[in-house]
Amino acid sequence: MEKLTLEFARKMDGEDTLRDYRERFYPKADEIYMDGNSLGLLSKDAEACLLRVLDEWKNYGINGWEKPAKPWFYYAEEMGKMQAPLFGAKPEEIIVHSSNTVNLHSMLATFFNPVEGKDKIMIDELNFPSDRYAVESHLKMRGLDPEEKLVVIKSPDGRMLDEDHIISLMADDIAFILLPGVLYRSGQLLDMEKLTKAAHEKNIMIGFDCCHSAGSVQHEFDKWDVDFAFWCNYKYLNNGPGGTASIYINSKHFRKGPGMAGWQGFVKKKMFDMVQEFEPECSAGAWQLGTPHMLSMAPLEGSLKLFHEAGMENLREKSLKLTEYMMMLIDNILVPYGFGIGTPREAEKRGGHVALEHDDAIRINAALKSNGVVPDFRYPNVIRLAPVAMYNSFEDVWNVVNILKNIMDTREYEKYSSERGDVA
Ligand SMILES: *Cc1c(COP(=O)(O)O)cnc(C)c1O
């Protein structure tokens, strides 16, 4: 079959209008990076922005808050504005601030307003555990027992969630719903518009953890009327390790103000009056707590330039082709070795990665690594493979699948331990 050949992969690369973006990054020549969904690669543009900000610090000292072409004082707002088109948001609805889990606490403090008869939170059993920890600790802080007040949506197969099932659980006593945009393990993309509409019919606040959809799919938060969203920027958005996270606040909620306040959320122009009564800015900026994280935000500027140049729609189109192609190769080449695919087949239900399942995933993953592939393992049986549109090629995908075939043919994986390491 022609589609299974290396020549076919190369032909696809030849037709790929985004292929030159790879050169704007630092992929290693002897490595196939398939982990951009956990930590995106460094781009030259991101590096340049970080070095520029270091230079600004060198040259301006404290005056960096005002003097540079992009003053630090407004930089988090500027990064929000740069992100807005990727999320279908107004420029003032996104702020780049703090880290993802802290921002979830802040969203809970703002949007969870329990009253008698409407005091429950709904989440799903497949979400990233940090979200569950945050929600449970928040309930306890409010004097509410998670055993009673937390509704956990079950997955029928341990991989996916069903929107209609979720909607059927939206009872009148639910006040707040948090769901992932894309599930971190299976890569399922939820219909955020449909879920939001159903939640609002029940008068429920709804928001999404978009860590795995940010930079992999286009969002239309305003059109969908989502109440809030948050995401980390170090995955598909290539902001670097521990890069500053983002918050989206629907402008209809600006007047609520933040449930957790800090001086950086004060009306910007008057912030340095240092008055004791808090007066929130009328934008997502009000949800800032402390001083903007200049050094861990700067790479995002360069990375976002690349997203604007390449176009989120083009990136999504290529990403779908890559994952489609990967699944086709897996079906044809790897399924006979006991592999399965834990990711939805439908394009509109898929994020940016493929969940490859195997009972021996730990050892196979170790063998993949020693063959120069950087995969991502999720206990107990999932190898996540993210062919990232910005810097991966169809040839990369072909190589990974054929390296896996070789690992199985030679039984190379049997050399490795089935103990897992400390990270993942
Ligand atoms: C990566 C990820 C996180 C990580 O949160 P941090 O606070 O940045 O460590 C949280 N939620 C989801 C869904 C993630 O994928």
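Modeller: Met274 is found in the loop between S8 and H10, where these labels follow DSSP runs numbered from the N terminus, a helix being H or I with at least four residues and a strand being E with at least two. Met274 has a positive phi of about 55 degrees, although it is not a glycine. Please keep in mind that this is a predicted model, in which local features need pLDDT of at least 70 and side-chain atom pairs count only at pLDDT 80 or more, while totals for chains, interfaces and linings use all residues. Residues are numbered from 1 along each chain as its sequence is written, and side-chain values use heavy atoms, with hydrogens and water left out.

Asn238, which is not a glycine, also has a positive phi of about 55 degrees, and its place is the loop between strand S7 (228-231) and S8. With a relative accessible area of 3%, Asn238 is buried, where buried means under 20% relative accessible area, exposed over 50%, and partly exposed in between, using a 1.4 Å probe and protein chains only.

Rings of Phe, Tyr and Trp (its six-membered ring) pair if their centres lie within 6.5 Å, and planes under 30 degrees apart count as stacked, over 60 as edge-to-face and the rest as tilted. The ring centres of Phe112 and Phe176 are 6.1 Å apart with planes at 75 degrees, so this pair is edge-to-face. It links distant parts of the chain, 64 residues apart, since Phe112 sits in the loop between helix H4 (100-111) and strand S3 (120-124) while Phe176 belongs to strand S5 (residues 174-180). Phe112 and Phe176 are both buried. Phe266 and Phe278 form another edge-to-face pair, 6.1 Å from centre to centre and with 65 degrees between the planes. Both of these residues lie in the loop between strand S8 (246-249) and helix H10 (294-310), 12 residues apart. Within this pair, Phe266 counts as buried because its relative accessibility is 7%, whereas Phe278, at 34%, is partly exposed. Elsewhere, ring pairs join Phe87, Phe221, Trp224, Trp231 and Tyr248 into a cluster.

A ring can also have a charge over it, which requires NZ of Lys or CZ of Arg to be within 6 Å of the ring centre and within 35 degrees of the ring normal. Lys235 lies over the face of Phe128 in this way, at 5.2 Å from the ring centre.

Lys235 and Phe128 bring us to the ligand, since both are among the residues that surround it, together with Asn100, Thr101, Asp131, Asp209, Cys211, His212, Cys232 and Tyr234; a residue counts as near if one of its heavy atoms lies within 4 Å. Taken alone, the ligand exposes 390 Å², of which the protein buries 86%, with areas from the Shrake-Rupley method and a 1.4 Å probe.
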